[in-house]
Every structure is written in C-alpha cells, then in structure tokens.
Amino acid sequence: MTISEFRYAHHPEDVKTYTTEKLREHFLIPTLFEDDTIRLVYTMYDRYIVGGAFPVSKPLVLETIDELKADYFLERRELGIINVGGKGIVKVDGVVYELSKKEALYVGKGVKEVIFERSADEQPYFYINSAPAHHAYPTQKVSKTDAEVIELGEQRTANRRTLNKLIVNSIVKTCQLQMGLTELHEGNVWNTMPSHTHTRRMEAYFYFDLPEGQTVSHFMGQPHETRHIFMQGNQAVISPEWSIHSGCGTSNYSFIWGMAGENLDYGDMDAVPTAGLK
C-alpha cells in the first residue's frame, strides 16, 4: 500500500506568524514507517518527495501517485534510498540489491519497477528521497566504504561528527538529487554548526539512531527569525531554501540530509555566523 501527502511551499514572512502546531503541521513529517506501507510526502519545494518503505509481512511495490501524473513513479524522476534498519532487499527492474544499515542505492529515471523486501529475519527501514530528473543515469549501490568521508567539528564545541557523502556527484551521477549521512560522536549533540542557507537548494533532514526518550530540537527559519521543532527518532523535517537547518539533541544521534535544486555543488552554502543568529 502507498500513502501520499501533499505539502505547499511557504513564504518566510508567513512562517513568522505560525504557532508551534502550525509549524509542525507544515514542516515536520512525524510518521514515515508504517507496517507494509510506503508513505510519501510530495512537497512544492523543488517538487521533492520524502518517504519511507517498511515491508514487514510482504514486499512493497513503489507505485505512482496522483501528484506525478505519470504512468510509473520514476517516469520523470530519480530516487535515493538509504536503509536505516536491518538488512533488506531492493529489486530494481528485476535486479536484486541487498542493503545493510547505512547503505544507499541510487535509482535513475526510467526504471519501471522498484520493490522493497525484508531479508531473512531482519527488519529494514528504507528511507526514500526523490527529485525530478531530466536524464537517465544507471542504478548504483553505495556502501559506507564507497562514501566520501569528512570529519567535522570539535569535542569542545559539542559538534564533532562524521559526514558520509553517499549519493553525491563525486560518487554517483545524478540529475539533482544529493543524499548523505552524518553521525555525531558520543558526547556531541550539535549538527550543522555554524549554520548556513543555500537559496539554490532545498533540503530535508531525517533523524535516527536517537535513544528512546531523547529528543532533537531542529532549528529552522531565516537566520534573523529562527524557529524550532522538537523531534523524535525516525522523523523528518522539510527545510525551505531560505531557511537554516541545524539541530541540537539531548544525546548523540545520526541524520540523513537530502537536497535538490539549482546545482550539485555541495559547498554552495551561505554561512551564517553563530553569534548572528536570532
């Protein structure tokens, strides 16, 4: 079963007036994994799709949704998948790819059938991002050993973290989709500090590996007009192109970042001095 939801884009001047409830309604994606279901959120930010596939008792077929007006899901799109659970299987037009935890799979435009399955007795959690595509690039699996790894931050500022670039143009040919995974070291809680914006791209964050009972406060908004959303594990949040995107947890955790937009330059960021945030 596939369930889809539609989200509009928002003007930053309007967002300034939002209550906590309204902010969460428009930007937080609280539920991604439901038994034997593919859940998708179609956003008007670069027509990005965020979702999750959770095959428990049967395989799940990625079906087209009404928002696409397409004969099949990837008729005009590309897809990124990162498994954040036990070992699982993704079948792409009959070709089998096995994904362990924190492994990724890029699926290009024109693929007609994508099927998500469990592997043996393990339970996979397939996190999904998708963006419009103009060219058909080949399907490619990316393990953590294939990733471009960058060490960031410092222990003294509580933001020491390991960034794994998985679906980026230095590793995989894509049209506009980029995805990666950042792991905070034990005792570190801040991500993406100093903050930045990039008006050429939107972004989505997915938080996971957060211990039960802990939380992450995700910060968004224009640098001079910030807001926050408290989040639990296995939840995602949409970040407009005009917004910062950073968070602080009550424990260390991991998160997946996904982007689409004007370019594939990972370093295209407009830095915001930490002391200048309001």
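Author: What follows is a set of questions on labels and the values behind them. This is a predicted model, in which local features need pLDDT of at least 70, side-chain atom pairs count only at pLDDT 80 or more, and totals for chains, interfaces and linings use all residues. Residues are numbered from 1 along each chain as its sequence is written, and side-chain values use heavy atoms, with hydrogens and water left out.

Reader: Why is K102 called buried?

Author: Buried means under 20% relative accessible area, exposed over 50%, and partly exposed in between, with a 1.4 Å probe and protein chains only. K102 has 12% relative accessibility, so it counts as buried. Its phi is near 70°, a positive value in a residue other than glycine. K102 is found in the loop between β8 (95-99) and β9 (104-107). Strands (E, at least two residues) and helices (H or I, at least four) are DSSP runs, numbered from the N terminus.

Reader: Is A120 buried or exposed, and what makes it so?

Author: Exposed, because its relative accessible area is 70%. A120 has a positive phi, near 55°. It is found in the loop between β10 (114-118) and β11 (126-132).

Reader: Why is F219 called partly exposed?

Author: Its relative accessible area is 24%, so F219 falls in the partly exposed range. F219 sits in strand β19. Setting aside neighbours within four places in sequence, its contacts include W190, R227, I244 and C248. Contact means heavy atoms within 4.5 Å.

Reader: What does S254 touch, and why is it called buried?

Author: S254 shows 4% relative accessibility, so it counts as buried. Not counting residues up to four places away in sequence, it touches K102, T182, E183, F206, Y207, F208 and D209. Its place is in strand β23 (residues 254-261).

Reader: What makes F33 and F206 an edge-to-face pair?

Author: Rings of Phe, Tyr and Trp (its six-membered ring) pair if their centres lie within 6.5 Å; planes under 30 degrees apart count as stacked, over 60 as edge-to-face and the rest as tilted. The centres of F33 and F206 are 6.1 Å apart and their planes stand at 80°, so the pair is edge-to-face. F33 lies in the loop between β2 and β3 (37-43) and F206 in strand β18, so the pair ties together parts that are 173 residues apart in sequence. F33 is buried, with a relative accessible area of 15%. F206 is buried as well, at 0%.

Reader: Which other pair is edge-to-face?

Author: Y205 and Y207 form one, with 6.1 Å centre to centre and 75° between the planes. Both Y205 and Y207 are buried. The structure holds 15 aromatic pairs. Ring pairs also link F33, F54, Y125, Y127, F206 and F208 into a cluster.

Reader: What makes a set of residues a nonpolar core?

Author: A nonpolar core is a set of buried Ala, Val, Leu, Ile, Met, Phe, Trp, Tyr and Cys residues joined through side-chain atoms within 4.5 Å. The largest one has 52 residues, of which F27, Y48, Y127, F206 and I256 touch the most other members. Strand β18 (residues 201-208) gives the most to this core, with 6 residues. Apart from it lies another core, of 25 residues, among them L40, F73, V92 and Y97.

Reader: How do you know that β16 and β20 stand at the edges of their sheet?

Author: Two strands pair if DSSP finds at least two bridges between them. The open sheet has 4 strands in the order β16-β22-β19-β20, with antiparallel pairing. β16 and β20 (225-231) each have a single partner strand, so one side of each is left without a neighbour in the sheet. β16 pairs with β22 (residues 246-249) over 2 bridges. In that pairing, W190 stands opposite C248.

Reader: Why say that the buried residues of α2 line one face?

Author: L23, H26 and F27 are the buried residues in question. Seen down the axis of α2, they fall within an arc of 80°, so they line one face of the helix. The arc is that of the directions from the helix axis to the C-beta atoms. The face turned away from the buried side carries the exposed residues E21 and E25. The cover over the buried residues of α2 includes β1 (2-7), β19 and β20.

Reader: Where is the cis peptide bond?

Author: It runs from M193 to P194, with omega near 0°. P194 is found in the loop between β16 (190-191) and β17 (196-197).
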